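This note concerns the salt bridges of the structure shown below. Please read each point with the model in view.

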Amino acid sequence: MFDNNRKSNEEAPTASLIDKDMRITGSVVSAGDIILAGVLDGEINCRNLVVADNGRLNGTINSQNTEICGEVIGDIVGDKLQIRSTGRFEGAIKVEGIEVESGADVTAKFKKSRRNKRPAAAVIVEENAE
Amino acid sequence: MDRTKAIIGSGAKFVGAISNVKSIEIDGAVEADLQAEKVTIGQTGKFTGAVNSELVVIGGSYDGMMMAGSIWAMATAHIAGEIHYQSLQMDRGAALNCRVVHNWTEETSEEVAEENAEDAAPEA
């Protein structure tokens with residue numbers, strides 16, 4: 001990912017924090033974790049994603065573990081999804097494990113995720129996009 | 001979460017536009033247009049795009065058009081493109097391969113104009 005990554009091989013990927021008030025349009029790809037407290041329009045591709053209370057996301061998520069305390073409108077592909085009581089979700093879900101706390105506002109379509117045959121997460125996103 | 005600081009971790013790649021940020025620290029790769037009060041590009045950071053900021057600290061690499069009040073280029077900095085600044089600090093070892101422009105504010109340009117007028121007066 002880096003042209004000048006003399007050091008980054010030894011360094012573990014660190015978490016990214018998207019601050020509240022911050023607004024991003026575009027895509028975010030991370031080998032590490034992302035905490036979204038601001039607003040993002042676009043695509044997130046990471047390992048662990050937390051959409052915080054004030055966080056809002058319009059777009060697609062491709063993340064192993066996703067925790068939603070804020071608002072997400074779009075599609076999610078991954079392994080685990082937790083929607084907290086403060087969370088709001090609208091869209092399609094394609095994950096292996098889902099947990100929805102009571103009080104959460106969820107309008108969703110659930111898609112089957114084949115546990116054994118599941119291809120790499122990145123491939124699924126491309127299929128969905130088509 | 002009340003910190004008003006955004007962090008782009010190493011290993012993260014952002015593409016797009018970033019706005020409404022107070023303070024941002026970039027250790028990953030970012031291709032974006034950014035407007036912020038304070039920008040820090042860490043040693044592993046790589047930023048491509050326009051920056052408009054009061055204070056920019058560069059420890060990584062930057063390419064693009066920067067408009068800044070103060071720029072601090074650390075020893076590990078690599079800068080390409082174009083930088084406009086009001087004050088600039090460079091550490092020994094910083095690599096600047098770019099156009100460097102001092103931004104005249106109205107105040108400083110008046111001061112310079114006065115100085116020039118004083119210098120010119122005796123000759124006339």
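1. In this predicted model, the side chains of Arg88(A) and Asp105(A) meet in a salt bridge, with an N to O distance of 3.5 Å. The two residues lie 17 residues apart and join distant parts of the chain: Arg88(A) belongs to strand β9 of chain A, and Asp105(A) to strand β11 of chain A.

2. How accessible are the two partners? Arg88(A) counts as partly exposed because its relative accessibility is 27%, a value between the limits of 20% and 50%. Asp105(A), at 38% relative accessibility, likewise counts as partly exposed.

3. The pair also belongs to a network of salt bridges, in which Arg88(A) and Asp105(A) are linked with Glu71(A) and Glu90(A).

4. A further salt bridge in chain A joins the side chains of Glu101(A) and Arg84(A), at 3.0 Å from N to O.

5. In chain B, Glu82(B) forms a salt bridge with Arg99(B), and their closest N and O atoms are 3.4 Å apart. Glu82(B) sits in strand β7 (residues 78–90) and Arg99(B) in strand β8 (residues 95–102) of chain B; this pair, 17 residues apart, links distant parts of the chain.

6. How many salt bridges does a search of the whole structure find? Over all chains, the search finds 10.

Technical notes: Residues are numbered from 1 along each chain as its sequence is written. Chains are lettered from A and ligands numbered from 1 in the order in which they are written. This is a predicted model: local features need pLDDT of at least 70, side-chain atom pairs count only at pLDDT 80 or more; totals for chains, interfaces and linings use all residues. Side-chain values use heavy atoms; hydrogens and water are left out. A salt bridge is a side-chain nitrogen of Lys or Arg within 4 Å of a carboxyl oxygen of Asp or Glu. Helices (H or I, at least four residues) and strands (E, at least two) are DSSP runs, numbered from the N terminus. Buried means under 20% relative accessible area, exposed over 50%, partly exposed in between (1.4 Å probe, protein chains only).
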